[in-house]
Amino acid sequence: MPQVELEGKRAVQKLITSAALTLSLFTTSIAASAGERTITLAVDNMVCAVCAFNVKKSLEGVAGVAIVRVSLKERTAVVVYDDTKADVNALISATTSKGFPSAPKTE
Ligand SMILES: [Cu+2]
């Protein structure tokens with residue numbers, strides 16, 4: 001039954017193509033999300049888990065901040081924020097005012 005086999009192959013191909021298309025649309029919509037930025041801050045004075053917690057809390061208190069991931073080991077805070085509501089200076093002053101001076105991390 002070569003005909004049936006061919007149909008089956010086509011159906012699978014169609015499925016793969018539509019899955020790939022869905023995935024690329026999904027990725028595009030995330031990238032295009034309005035005003036969303038991610039920045040890595042190098043944070044000073046973090047010596048223990050409580051410090052890291054306080055840094056996280058200070059950043060989460062800034063309007064427009066969506067996600068904060070603090071690494072005690074790396075001495076960094078990765079912040080996802082809406083740049084129509086918050087800016088880098090607001091993030092820096094939030095941690096600095098709690099005793100943890102920070103600056104955009106340069107590789
Ligand atoms: Cu500490």
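**View 1. Strand β1 pairs with strand β3.** Seven bridges join β1 (residues 36-43) to β3 (residues 76-82), and the two run antiparallel. This is a predicted model: local features need pLDDT of at least 70, side-chain atom pairs count only at pLDDT 80 or more, and totals for chains, interfaces and linings use all residues. Residues are numbered from 1 along each chain as its sequence is written. Helices (H or I, at least four residues) and strands (E, at least two) are DSSP runs, numbered from the N terminus. Two strands pair if DSSP finds at least two bridges between them. Alanine 42 stands opposite threonine 76 in β3. Alanine 42 also stands opposite alanine 103 in β4. Three bridges join β1 to β4 (residues 102-104), again antiparallel.

**View 2. Strands β2 and β3 form a hairpin.** Six bridges join β2 (residues 65-71) to β3 in an antiparallel pair. Isoleucine 67 has valine 80 of β3 as its bridge partner. For arginine 69, the bridge partner in β3 is valine 78. Four residues lie between the two strands of the hairpin. Arginine 75 sits in this turn, with a positive phi of about 55°.

**View 3. Four strands make an open sheet.** The order is β2-β3-β1-β4, and the pairing is antiparallel. β2 and β4 stand at the edges with a single partner strand each, so one side of each has no neighbour in the sheet. Neighbouring strands are turned by 25° against each other on average, direction ignored. Axes here are lines fitted to C-alpha atoms, for helices over the stretch in contact, and angles run from 0 to 180 degrees between N-to-C directions.

View 4. Two residues are in contact if their C-beta atoms, placed from the backbone, lie within 7 Å.

**View 5. The largest nonpolar core has 14 residues.** Such a core is a set of buried Ala, Val, Leu, Ile, Met, Phe, Trp, Tyr and Cys residues joined through C-beta atoms within 7 Å. A residue is buried if 20 or more other C-beta atoms lie within 10 Å of its own, exposed if 12 or fewer, and partly exposed in between; these C-beta atoms are placed from the backbone. Val43, Val55, Leu59, Ala77, Val79 and Leu91 touch the most other members. Two or more residues each come from β1, α2, β2, β3 and α3. The largest share, three residues, comes from β3. Beyond its neighbours within four places in sequence, alanine 77 is in contact with Leu41, Val43, Val55, Leu59, Val68, Val70 and Ser102.

**View 6. Asparagine 45 and arginine 75 have positive phi.** Asparagine 45 lies in the loop between β1 and α2. Its phi is near 75°. Asparagine 45 counts as partly exposed because it has 15 C-beta neighbours inside 10 Å. Arginine 75 is in the loop between β2 and β3. Arginine 75 has 20 C-beta neighbours inside 10 Å, so it counts as buried.

**View 7. The protein chain has three helices and four strands.** Along the sequence, the pattern is α-β-α-β-β-α-β. Buried residues make up 17% of the 107 residues. Among contacts between residues at least 6 apart in sequence, 61% join residues at least 24 apart.
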